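Open the model in your viewer and keep the selection panel at hand. This tour goes stop by stop.

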Amino acid sequence: HQNCVLIADGELSVSGLIGVVTPRDALQAFVEHAPMSVEVGRWLHGVQSDWGPRAVELLDSVTECAAKMVDKAFHHLVVMCSTGIAGVLSSTDLAQAIGAEEDDFVEAPQVVGDLIS
């Protein structure tokens, strides 16, 4: 249910990540008239050489992840597990989790693993 795609160079691990392509990136490529044959890395905005700061663990708290997103101005975090990448956590996911606290019938997720499927 994510609205992004992880782009990796070789293996799908934090060390192999090149970036995250979002609908906004695709729209930007369209606005810039990027040819359909262009490699993703040529028009990917916000490429980072080190994705370590964006990595979180399945058992990290929702509050810690929200603080990291705000502090670093990240919109997506890469969720890691013992076998590699478990998924992506978006700011939308966190907003929904935090909003769930307002619902009397739903227990708000406390750890990242509760948010990704």
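The model is predicted.

**Stop 1: the E4–E5 pair**

Select residues 76–81, strand E4, together with E5. The two strands run antiparallel, and six bridges join them. Follow the chain from E4 into E5: a hairpin of two residues makes the link. Now pick Val-78 and look across to E5; Val-88 stands opposite.

Is E5 enclosed or open? Color residues 84–90 by accessibility. Six of these seven residues are buried, so the rest of the structure largely encloses the strand.

**Stop 2: the largest nonpolar core**

Show side chains for the largest nonpolar core, a set of 14 residues. Start with Cys-65, Leu-77, Leu-89 and Leu-94, which have the most contacts inside this core. Helix H3 (62–72), E4 and H4 are the elements that each give two or more residues to it. H3 provides the largest share, with four residues.

Stay on Cys-65. Its relative accessibility is 1%, so this cysteine counts as buried, the limit being under 20%.

**Stop 3: the cysteines**

Next, select Cys-4. This residue has a relative accessible area of 15% and is also buried, because the limit is under 20%. How many disulfides does the structure hold? The count is zero.

**Stop 4: Asp-93**

Move to helix H4, residues 91–100, and select Asp-93 within it. Asp-93 is buried, yet it has no salt bridge. Which side chain of opposite charge is nearest? Arg-54 is, at a distance of 13 Å. Draw a distance instead from the side chain of Asp-93 to the backbone nitrogen of Ser-90: the value is 2.9 Å.

**Stop 5**

Most residues other than glycine have a negative phi.

Select His-33, in the loop between helix H1 (23–31) and helix H2 (40–43). Its phi is positive, about 60°, although His-33 is not a glycine. The relative accessible area of His-33 is 69%, so the residue is exposed, the threshold being over 50%.

Then select Ala-73, in the loop between H3 and E4. Ala-73 is not a glycine either, and its phi is positive at about 60°. Buried or exposed? At 59% relative accessibility, Ala-73 counts as exposed.

Technical notes:
Residues are numbered from 1 along each chain as its sequence is written. This is a predicted model: local features need pLDDT of at least 70, side-chain atom pairs count only at pLDDT 80 or more; totals for chains, interfaces and linings use all residues. Side-chain values use heavy atoms; hydrogens and water are left out. Buried means under 20% relative accessible area, exposed over 50%, partly exposed in between (1.4 Å probe, protein chains only). Lys and Arg count as positive and Asp and Glu as negative; His and the chain ends are not counted. A salt bridge is a side-chain nitrogen of Lys or Arg within 4 Å of a carboxyl oxygen of Asp or Glu. A polar contact is a pair of N or O atoms within 3.5 Å; within protein, one must be able to donate a hydrogen and the other to accept it, and residues adjacent in sequence count only if both atoms are side-chain atoms. A disulfide is a pair of cysteine sulfur atoms within 2.5 Å. Two strands pair if DSSP finds at least two bridges between them. A nonpolar core is a set of buried Ala, Val, Leu, Ile, Met, Phe, Trp, Tyr and Cys residues joined through side-chain atoms within 4.5 Å.
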